[in-house]
Amino acid sequence: MKKITGKVVSLVLALALVVTSFSANFAFAANKSTSGTVHKTQQDDIYLANGGDSKEVDLNAFLATGDFKLETKNHEEVSDPKVTAISHVSGDRLVSLKLSGDDDDTATLKLKSSSDNGTEVIKVLFSGDYTNDDGDEYTVKGSQELTVHVYDKGELVFGKTKVKDSGEGIDELDAFPMTAGATVNVGIFTVEPGENDAFANFVPATNLYQSDAKTGYAKDGYQIDVSSGSNDFHLLGITGIITSDGASSDPVNGVVATIGKMKDGTVTGDAGTGNVTITAKKIKDGKVSSNSDDKYTLKAKIEKKVDVDTLLSYDSNDNYKDSGFTIKKTSGKTVLDGVKQFDGKEAVLTDKEVVFGTLTGKVSVDEDTNVRKISGTVTQLDIGDGNVGSVDLDNGEVNLTDGKVGDISTDGASGEVTITSGKAGNIDTSDADDNADKVTINGGSVGTIKTDGTVEIQSTDDDEPITTGKITALKVSAYADEAKVSIGGITANDDDSDFTLYGTDGSGISVGTIDFDYYDTTLNLGNEDDEDDAFVGTIAAPINAVNGKIATQNDDTDVTVTGTVNVDTLSFDTDAAITFKDAVTVGTIDGDGTFTVGAGKLYISESASGARMKISDPLTNGLVAFKADAGNVDVDDLDTYGFTVDKTTASGVDTFKVASTSFAGVAINKTFSSIAKDYSETFTAVAYPNGTSLPAGYTVKWELDGGSEDVFTLTTSGNTAKVEVTSIDSTFASENHTTLTATLYDEDGYELDDYDAAKCDITATAVPEATSDTTKDFSVAKGSTYQFKITSTTAPTFTTGTAGVFSVALASKNGNDYFYKITAIGNVGAATGIYLNGTKLLVATVKAPAFTTDTTKDVTVKGAYTLKVTAAATPTFALGTAGVFKAEFVSKTGNDYLYKITSVGAVGAKTGVYVNGVKTFVATVG
């Protein structure tokens, strides 16, 4: 069981209070319902005892002592939250809920029986009120599971900790793991119900007697017996009970057992496996009970674990705690350098867990070592080129270089993890003390990262690309220099979260889903601390970002954002640029940078100031440029680039339409490109906006900025430029990256500074790259088709993994876009991988056709036959063999379509009847 420390659920006392004042229109409030979430930071167990004077507890009072909070999904506070219902999830059926009070604001949890015990998991439903900024009122509901433990009055419990306060639980022991030669405290408690409620009190047991004690037993108490499960293990000592000589030591109102593994009559440090049993029998009126219900047994197991403190107690080397330890390889075995075990030999750690006690200094893990787990408390843990199964520290910094480690968890005041190179599993520092929570990744690969603090990723070594799983953090900073950084996704975990992406060299940064989770979060593109740290690349629009902000922080930042954008603020630094591929809804736009968006795809709800706006579509007078809430934006608030706008107002919305256009500069036909070795691509410079032309005498000059001349070759002719990749630099990734610029010059050969240079970011690859507009698994109805758009500079290969499930055909090609059509031909439920250039994109599955028919079995028709097809859209109806039946449409009612077939062929002639390309039955002329 989990330890209860004060308990769960802070609905801030409001769960236990009756609200005494309501708004005047309360009776009409909350006319809508929405789902919320219940957040908690403490555990969710409640401990009860039967057999007392009361079978009830105040559930609201219990919940109010913890840290539960009911919120809307966008983290808005819910007023007047309270418990409204419970439901059984699993386990025994032990409790029920009674609601009372004027507004059912008193929630009482009741034991169903005075004698039943066990564990029940229940789900508690909370409800509260919420009013949004528009005055809409909602009832918000959220649920949380709660585990209820019910004990018998007087029941004996083995536990680790003595707990005094009513209603609190303990770390109950089902079993305890031990290191050979180590000691373990076993607390012994009896359970008593509260005086006025059913909360369980865990009372330290008294009068504990060793089984062979010669002193007389008290009237009531417990006889304690400890025995080993095999001859290989030996009970070295037991204290905390009344022994045969009458002595007594009572450290935890329980027992302290010391167990050792024996070999040739000597205790060894080997952490083998073996059972040790502690049995407590109830003493009543001075006699030991023989009733099985009065006997309590706890089994222990000696694990493959080495307790360093225990070794030091035998080795008298406590100074190692301050100076530190080294785990190294000796004679083919992993050992703790300089530390001896009970038999005077070095402690062998191979494939064992190593536990470090309090005040341990630095621990170093050398190369070629093999440790199953490192746990406990250290100042610093350095892992070299070794292999550690996992790390679980109560305190300490963790550093990994070149080695391999599984999951890493560290808490306390030094909850920091640094990965310089190597491979790690999931990293969790979320339980570390405030302001001490940091994860730094300088190379290698890791799994998911969870922290309440900062994640800093810096790719500064061209030989160390970085790969991470999804990151949940308050602040994330990711920098790509020589090598690529690939992040599975980023999620905010609180208000004022801050994500920064920067670095233009190498292959750049790729990020999965960026989730603001409705918090006030800022996504910074580029780093304002260094003028060279722009961000150039493509990202997906952040989700759940209505309260968030996207900001460019470097003059050279040039970003393309895909997907629908819905944020509170867009802020553009001077000369920075963002291209939005899809619709943008924003509260406020500010800054001096440039953004590009499709015609009519921008909506501003609050204000706009200064930023330069480009439209990616051809400009014509009367074209809708953007819209805004009425009265909030003027025609000159945005610096419209290459066009002017007029404003009209209707239904509370201002519509801004193109009033005139004029030449404003030059643009390249694309902004990003990937070219494979031995391939080339031709680029074209055109006048911006579309539809205008270069002034007479103006010319375009092409240049490549960055990258190696051995990798890229540029050939120009007027307004076109050909870039060819002739080799790949296998040493320095930055040499495989360049920027193509098109700069405008006048008839006298002078550069025109009033017009921006157009840029295209180009990366050289060893093999052709291709992208797909579809990357997630999906299903296609049998007989139906689905079309992919594949973008590639060279003809891609597009295949299926399993034959007979889908057929594949190239439907058309338009420039670098290839359109492939797949048709579901397999049985319903059949699936196959879809592969692009040999790499699996996704899995496609054949699903049941999107229609039903009243005829699914073969029929013989004399004359005519009418069948009904039910479909959401007009189906296709066809016959497989001509000259057997004539088919005709009869009528449509709702989603029902009637078709008639009339025999025209000879008796015995047959044909298949097809709906949406799927054979539904065979018709025979009768």
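Strand E45, spanning residues 521-525, is mostly covered, with five of its five residues buried; buried here means under 20% relative accessible area, exposed over 50%, and partly exposed in between, using a 1.4 Å probe and protein chains only. The model is predicted, so local features need pLDDT of at least 70 and side-chain atom pairs count only at pLDDT 80 or more, whereas totals for chains, interfaces and linings use all residues. Residues are numbered from 1 along each chain as its sequence is written, and side-chain values use heavy atoms, with hydrogens and water left out. Strands (E, at least two residues) and helices (H or I, at least four) are DSSP runs, numbered from the N terminus.

The cover on E45 extends to both faces: Thr 521, Leu 523 and Leu 525 are buried on one side, and Thr 522 and Asn 524 are buried on the other. Two partners of this strand can be named. Strand E43 (residues 497-502) pairs with E45 in the parallel sense over five bridges, where pairing requires that DSSP finds at least two bridges between two strands. Within this pairing, Thr 521 of E45 is the bridge partner of Ser 497. Strand E47 (residues 549-552) also pairs with E45 in the parallel sense, over four bridges, and Ala 551 in E47 is the bridge partner of Asn 524.

Turning to the aromatic side chains, the count comes to 18 aromatic pairs. Rings of Phe, Tyr and Trp (its six-membered ring) pair if their centres lie within 6.5 Å; planes under 30 degrees apart count as stacked, over 60 as edge-to-face and the rest as tilted. Phe 626 and Phe 656 form a stacked pair, at 4.2 Å centre to centre and 10 degrees between the planes. This pair links distant parts of the chain, with Phe 626 in strand E55 (residues 624-629) and Phe 656 in strand E58 (residues 653-661), 30 residues apart. Both Phe 626 and Phe 656 are buried.

The pair of Phe 778 and Phe 788 is tilted, because the ring centres are 5.9 Å apart and the planes stand at 55 degrees. Phe 778 belongs to strand E68 (residues 778-781) and Phe 788 to strand E69 (residues 785-792), ten residues apart. Phe 778 counts as buried at 17% relative accessibility, and Phe 788 is buried at 0%.

Arg 612 lies over the face of Tyr 641, at 4.6 Å from the ring centre, and Lys 614 lies over the face of Tyr 688, at 5.3 Å. The criterion places NZ of Lys or CZ of Arg within 6 Å of the ring centre and within 35 degrees of the ring normal.
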